Amino acid sequence: MTTLPPLPMKRPKLMALARQKLPCSPRTTPRSQLIKEKDDIDHYLEVNFKGLSKEEVAAYRNSHKKNICVDMLRDGYHKSFREVFALMEQWDALREAARVRSVFWLQKPLEQQPDKLDFLYHYLTRAEAAERKGCLEGVYNNLYVLACYFNNPEDKWVRNHFYERCFEIARLIKFDGGKKEAEAQAHLGLLYEEAGQLLEAAEHYEAFHQLTQGRIWKDETGRFLNLLACESLLRTYRLLSDKMLENKEYKQAIGILIKASEIAKEGSDRKMEGEASYYLGLAYLAAEEYETALTVLNTYREISADLDDDLSLGRAYEAIAKVLQSQRKMTEAIKYLEKVVEIARNNFQSLDIVRASTMLGDIYNEQGQYNIASEYFQQAFDTTVELMNTPLMEEMQVHYGIARAHQTMLAVNSYIESQELSSLNYLLSWKECRSDIEIDPVLGILRSRPVFRLPTSYHMNEEQHSPNMMLTK
């Protein structure tokens with residue numbers, strides 16, 4: 001939603017005069033200084049202006065807030081006066097409650113922001129005038145402009161107030177087939193979604209979706225409202241399902257994601273349909289319903305392939321590999337993960353390379369193929385070095401260290417089991433130099449190669465650039 005620029009506004013005479021004077025003196029100003037300021041103002045008026053009324057003189061002495069309130073009451077806009085006054089009181093209450101712990105405490109009071117007060121005065125009085133004429137659409141439009149104007153981080157609570165007011169008015173508008181009500185439902189859904197109240201958000205998005213079904217309404221950017229309703233509803237359902245999966249409520253999570261998948265199909269957007277299938281497949285995986293998970297994830301894979309979307313295809317392959325790994329079908333899982341690495345490398349997706357390489361390393365490590373596992377962990381580590389991601393780098397060092405320890409343990413056990421004096425002597429020599437030890441697969445004899453070492457004077461951050469440093473300490 002875009003914030004509309006302020007429009008030129010015709011201000012009442014009192015307000016125009018009041019904006020020309022300096023800001024009011026602070027409350028802590030000594031009485032003598034206030035008297036002096038008053039005398040200065042009176043002198044200025046006497047010299048520069050002739051024939052001003054008492055009300056016009058008061059405009060220079062009163063605050064901008066007071067002048068706006070006086071103008072509203074004088075012109076008969078009592079509802080606008082009550083709303084502005086209530087907003088200013090709520091603003092002060094928020095600042096008082098927040099104190100130094102919140103951004104509200106750093107904000108100026110609403111009464112010290114004349115531009116915002118002018119905007120409120122202009123559009124609230126226009127909305128009230130439209131209400132008197134029975135033009136509900138005019139009321140809605142003016143309140144919506146106010147909501148857009150206050151759509152910024154520090155004023156979101158004001159925006160939310162006007163979203164709620166728009167919703168109240170939109171429900172009374174019947175001649176447009178419910179378009180205004182649909183928009184208002186979307187705004188309230190966003191309000192609750194931002195507040196983390198997902199169930200309430202889902203209710204409003206469901207109403208938004210229902211009102212836009214079969215309609216060709218578009219928003220100001222030209223997007224179909226029904227498609228926006230589907231996207232909003234799917235996003236909320238996914239967030240709800242995440243919480244359910246965290247609480248191991250698999251049946252409820254799958255149920256809500258099936259509903260999301262059906263809505264996605266109605267939206268006639270293949271990418272959105274694929275996303276819904278992806279999250280549903282992950283839910284089936286979490287519930288250990290592997291065959292169903294594979295069926296749903298294969299649907300996502302087919303959609304991604306049809307759309308020529310490599311990144312989505314890589315994500316589908318990774319999810320399928322997780323299912324196959326859970327089914328102990330390691331050979332098939334490896335094939336899919338190798339495809340993930342290839343796609344990630346071609347599209348410069350470094351984190352995907354790290355994740356897939358780590359999964360491959362874990363599989364080979366579990367199968368006892370420690371050399372291959374070490375190579376994949378080394379690949380993952382090298383990628384984290386390029387990313388300069390220290391926590392991930394340290395995690396890859398641990399994976400690599402475990403694989404190399406298993407590899408070394410296998411060779412040492414072979415030496416011990418040989419029960420030969422030469423093997424024992426070799427082990428003692430190895431203990432002295434800590435060289436890399438392995439078995440010749442052809443000759444069946446043991447051999448070693450030195451491990452690269454850095455001088456002890458090097459700092460730890462320099463040693464971290466090689467996972468081998470862990471094994472030499």
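Residues are numbered from 1 along each chain as its sequence is written, and side-chain values use heavy atoms, with hydrogens and water left out. Because the model is predicted, local features need pLDDT of at least 70 and side-chain atom pairs count only at pLDDT 80 or more, whereas totals for chains, interfaces and linings use all residues.

**Exercise 1.** Describe how helix 16 packs with helix 17, giving the geometry and then the contact.

*Solution.* Start with the elements: helix 16 covers residues 330–346 and helix 17 covers residues 350–366, where helices (H or I, at least four residues) are DSSP runs numbered from the N terminus. Their axes come within 9 Å and cross at roughly 155 degrees, the axes being lines fitted to C-alpha atoms over the stretch in contact, with angles from 0 to 180 degrees between N-to-C directions. Helix 16 and helix 17 are therefore roughly antiparallel, a term for angles over 145 degrees, while those under 35 count as roughly parallel. The crossing is left-handed, that is, the near helix is turned anticlockwise from the far one by less than a right angle.

**Exercise 2.** Determine how helix 15 is oriented relative to helix 17, and which residues meet.

*Solution.* The axes of helix 15 (residues 310–326) and helix 17 come within 12 Å and cross at roughly 20 degrees, which makes helix 15 roughly parallel to helix 17. This crossing, of helix 15 and helix 17, is left-handed. On the helix 15 side, Glu-318, Lys-322 and Gln-325 meet Arg-355, Met-359 and Ile-363 of helix 17. The contact divides into two nonpolar, one polar and three charged residues.

**Exercise 3.** Locate the largest cavity and state which helix gives the most to its lining.

*Solution.* A cavity is a set of points, on a 1 Å grid over the protein atoms alone, where a 1.4 Å probe fits but cannot get out, and its lining residues have an atom within 4 Å of a point. Among the residues that line the largest cavity are Arg-270, Lys-271, Tyr-300 and Asp-309. Helix 13 (270–286) and helix 14 (290–306) each supply at least two lining residues, and helix 13 gives the most, with four. By class, the lining of the largest cavity comprises three nonpolar, three polar and four charged residues.

Methods: On a 1 Å grid over the protein atoms alone, a cavity is a set of points where a 1.4 Å probe fits but cannot get out, and a pocket is an open set with protein on both sides within 12 Å along at least five of seven lines; lining residues have an atom within 4 Å of a point. Ala, Val, Leu, Ile, Met, Phe, Trp, Tyr, Cys and Pro count as nonpolar, Asp, Glu, Lys and Arg as charged, and the others, Gly among them, as polar. Angles under 35 degrees count as roughly parallel, over 145 as roughly antiparallel, 65 to 115 as roughly perpendicular and the rest as oblique. Contact means heavy atoms within 4.5 Å.
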